[in-house]
Amino acid sequence: MQLLSRGDTGPAVAEVRAALQALGLVEPPASGGPAPEPSRFDGALEDAVRAFQQNRGLITDGVVGSATYRALRDARWSLGDRMLCLQASNTMTGDDVFALQERLLELGYDSGRADGVFGRQTEQALRSFQRDYGMAPDGICGPRTLRHLGYLGRKVTGGRPGLLREQERLHRAGPRLSGKRIVIDPGHGGSNPGVAVGGVTEAGLVADIARRLEGRMSAAGMEALLSHGPQDCPSDAERAGFANTAGADVVLSLHVDANPSPAANGLAAFHFGTGTGATSTVGEALAGFIHRELLARTRMLDCGVHPRPWELLRLTRMPAVRVEIGYLTNEDDRESLLDPAFRDVVAEGILVAVKRLYLLGQNDKPTGTFTFSDILQREEGSPIGA
């Protein structure tokens, strides 16, 4: 869809205003005062968009793009407003799906990550609930299913119902990297170079880091898959679909950033999460490991670890992390990124972070001290230093 920002006019703006007003974020005009033009994107509407974006874990830029529009669309649904089911096309999404997933998780049914997307795992969890409570297991959340969900009072609320399941999957996976399948997703590509400064492109830099990381992972016995070739630039949904089809254990998305201010610099990591509290617990842990390893090895500015509902993070069925490795628009960060030795350090740091995830705190080493040689020795079964 077209980007909508302050100063724009038209029916799309009126639609956004109506959605925000229904959510209570746009105040009605004062009695006797002038009413705002519904189809005009004014300052008050921009403030409301920013408030909505902040509540939903989106970038608070006041601009209505595809992510904000999708979140506005999802926010209009409450559980019970419509029947929910798995659809072969036009997958159902919304806050009502999220509420159903949370309810199933609280009752002990594994609907997967509470992401507001009615997928196969949500349907299977719903069928199991229906079967256990004497209903036809049709996988459709209609009035009768809603009544039964309402009968079961919540004795415990809050927390992260999927935490123990995700931790158990990690335990079962074991500490060795051998056999783990990782999708490495270099940002942009093909006709979309991403950030470009002085002939240097984001796509070129992260593709190089991806190849260095792929080589190290393969040497450690991992199955490393690139999400696309150098001439391609799939959408985030297509990248997520590739990872899901491949049955990846982890997805690593590599990017560099840009900012109108040349002073902006530093390193940030992102995992799936929403303003409603849903998060990928393992994704959050991995983002933290990558963030700390790279900070210790590169001395870049700490720009934090953040939850985001971006498509690649939301649509993958496995933990996914996006790393923004500096700002190409910053002279110091750009100088570092142009150094092949620096890109080697980044690749090693990310590999070490993945190893830390599977070690679960056992036989670990201080942040920034684990080396590629250490990993190879551990994978070969030799003690460190032998």
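Reply: Buried stands for under 20% relative accessible area, exposed for over 50%, and partly exposed for the range in between (1.4 Å probe, protein chains only). This is a predicted model, in which local features need pLDDT of at least 70 and side-chain atom pairs pLDDT 80 or more, while totals for chains, interfaces and linings use all residues. Numbering starts from 1 along each chain as its sequence is written, and side-chain values use heavy atoms, without hydrogens or water.

Cys233 is partly exposed, because its relative accessibility is 33%. Cys141 is buried, at 1%. The cysteine sulfur closest to that of Cys141 belongs to Cys85, and the 10.0 Å between them is too far for a bond. There are zero disulfides (cysteine sulfur pairs within 2.5 Å) in the structure.

Now the space itself. The second largest pocket holds about 1000 Å³. A pocket is an open set of points on a 1 Å grid where a 1.4 Å probe fits, with protein on both sides within 12 Å along at least five of seven lines; lining residues have an atom within 4 Å of a point. The volume is that of probe spheres on points joined across faces, edges and corners. The lining has 35 residues, with Ile59, Asp61, Ala67, Trp310 and Arg322 closest to the centre. Two or more lining residues come from each of helix 2 (43–55), helix 3 (66–75), strand 5 (250–257), strand 6 (267–272), strand 7 (302–308) and strand 8 (320–327). These are DSSP runs numbered from the N terminus (helices H or I, at least four residues; strands E, at least two). Helix 3 contributes the most, four residues.

How values were computed:
A disulfide is a pair of cysteine sulfur atoms within 2.5 Å.
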